[in-house]
Structure formats: C-alpha cells, structure tokens
Amino acid sequence: MGQALALANESAQQGEVPIGAVLVKDGQVISRSGNSPISSLDPTAHAEINTMRLAATILGNYRLVETTLYSTLEPCVMCAGAIMHARISRLVFGAYDQKFGACGSVMNLFEYEKLNHHTSVEGGVMRTECATVLQTFFKNRR
C-alpha cells in the first residue's frame, strides 16, 4: 500500500485526483499506476484500470488470476466490475469512498451471489494516510 500511496502523491502533483494502485502476483509487483483521467482525457483512466491494462500487457493475458490489487481508494463501480472481469483474487484498499465506493460504502458488487467471480476484499489498510492525501488535495483546490 505504501507504493500505491506514493503513486497517489505523484498523481496529485500532476493535478490528478490522488489515487494509486499496484498489482502484485507471487510477491512481485507486476504493474502500478496513478490516476490519469484528466491528463489522458480518458474517463476510464482510473489508477486501478491503468494498472490492470498494464498488467494484462505484461502477463500476456487479460485474466489476472492469483493477483492482489492494492488501491488507495475504494474502487468505483467501473473499477470493481473490471476487477471481477480480470479475475483478480484479492483487493486491498485504503480509504473508503462514501460517494462512489462499490466495495461496501455505497454498494458492494463483490457480495452479489449471482455474479460468477468473487474477489476477496479488505478495506481500511492505511486508511488515515490514504484519506489524508485525498482530503489535502481537495482542500487545496477549493
């Protein structure tokens, strides 16, 4: 999560909402990215999506089985759906997102039994540090 937090800080310096994500397989970092929808003019360029795209290219497979995704913020519906489609085994996130969180805050896509893949989810890891980066960013923009 520390690496994801460093990426979030880098995103903030670039004027992006400070979110970072890191994908790990067998104890090795496969890919990592910060948020970039503003600079890339791409509404799907969330840190989690960027990280999954890069990992799929590196691994040569869109299925990212037996991996863990670390994100500084609870994923939104789009990212949670992509996590399921990629078959990521485990999601670990920092701050909860009371406006868009799809892993327990607003809704929990991972608890729907009708969906065929169930990622295990752990929220609140380094919660204070992750939330502080976001709060500071938005405070400075107001």
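Trainee: In which loop does G124 lie?
Mentor: First, some ground rules: this is a predicted model, where local features need pLDDT of at least 70 and side-chain atom pairs count only at pLDDT 80 or more, while totals for chains, interfaces and linings use all residues. Residues are numbered from 1 along each chain as its sequence is written, and side-chain values use heavy atoms, with hydrogens and water left out. Helices (H or I, at least four residues) and strands (E, at least two) are DSSP runs, numbered from the N terminus. G124 sits in the loop between β5 (120-123) and α5.

Trainee: Which residues does G124 touch?
Mentor: Contact means heavy atoms within 4.5 Å. Not counting residues up to four places away in sequence, G124 touches F93, G94 and Y96.

Trainee: How are the rings of F93 and Y96 arranged?
Mentor: Rings of Phe, Tyr and Trp (its six-membered ring) pair if their centres lie within 6.5 Å; planes under 30 degrees apart count as stacked, over 60 as edge-to-face and the rest as tilted. The structure holds 2 aromatic pairs. In the pair of F93 and Y96, the centres are 5.0 Å apart and the planes are at 80°, so this pair is edge-to-face. F93 is buried, at 0% relative accessibility, whereas Y96 is partly exposed at 31%.
Mentor: The other pair is F137 and F138, with centres 5.1 Å apart and planes at 80°, so it is edge-to-face. F137 is buried at 9%, and F138 is partly exposed at 32%.

Trainee: At what angle do α1 and α5 pack?
Mentor: Two packed helices are described by the angle between their axes and the distance between the axes. Axes are lines fitted to C-alpha atoms, for helices over the stretch in contact, and angles run from 0 to 180 degrees between N-to-C directions. For α1 and α5, the angle is about 5° and the axes are 10 Å apart. Angles under 35 degrees count as roughly parallel, over 145 as roughly antiparallel, 65 to 115 as roughly perpendicular and the rest as oblique. That is why α1 and α5 are described as roughly parallel to each other. L5, A8, N9 and A12 of α1 make the contact with E129, C130, V133 and F137 of α5.

Trainee: Which residues have the most contacts inside the largest nonpolar core?
Mentor: In soluble globular proteins, nonpolar side chains tend to be buried together. A nonpolar core is a set of buried Ala, Val, Leu, Ile, Met, Phe, Trp, Tyr and Cys residues joined through side-chain atoms within 4.5 Å. Here the largest one has 38 residues, and L64 and I88 have the most contacts inside it. Among the elements giving two or more residues to this core are α1 (2-13), β1 (20-25) and α5 (127-141). Leaving aside neighbours within four places in sequence, I88 is in contact with residues including L23, M52, L64 and I83.

Trainee: What do the buried residues of α4 pack against?
Mentor: They pack against α3, β3 and β4. The buried residues of α4 are C79, A80, G81, I83, M84 and A86. Just after α4, R87 takes a positive phi of about 65°.

Note on methods: Buried means under 20% relative accessible area, exposed over 50%, partly exposed in between (1.4 Å probe, protein chains only).
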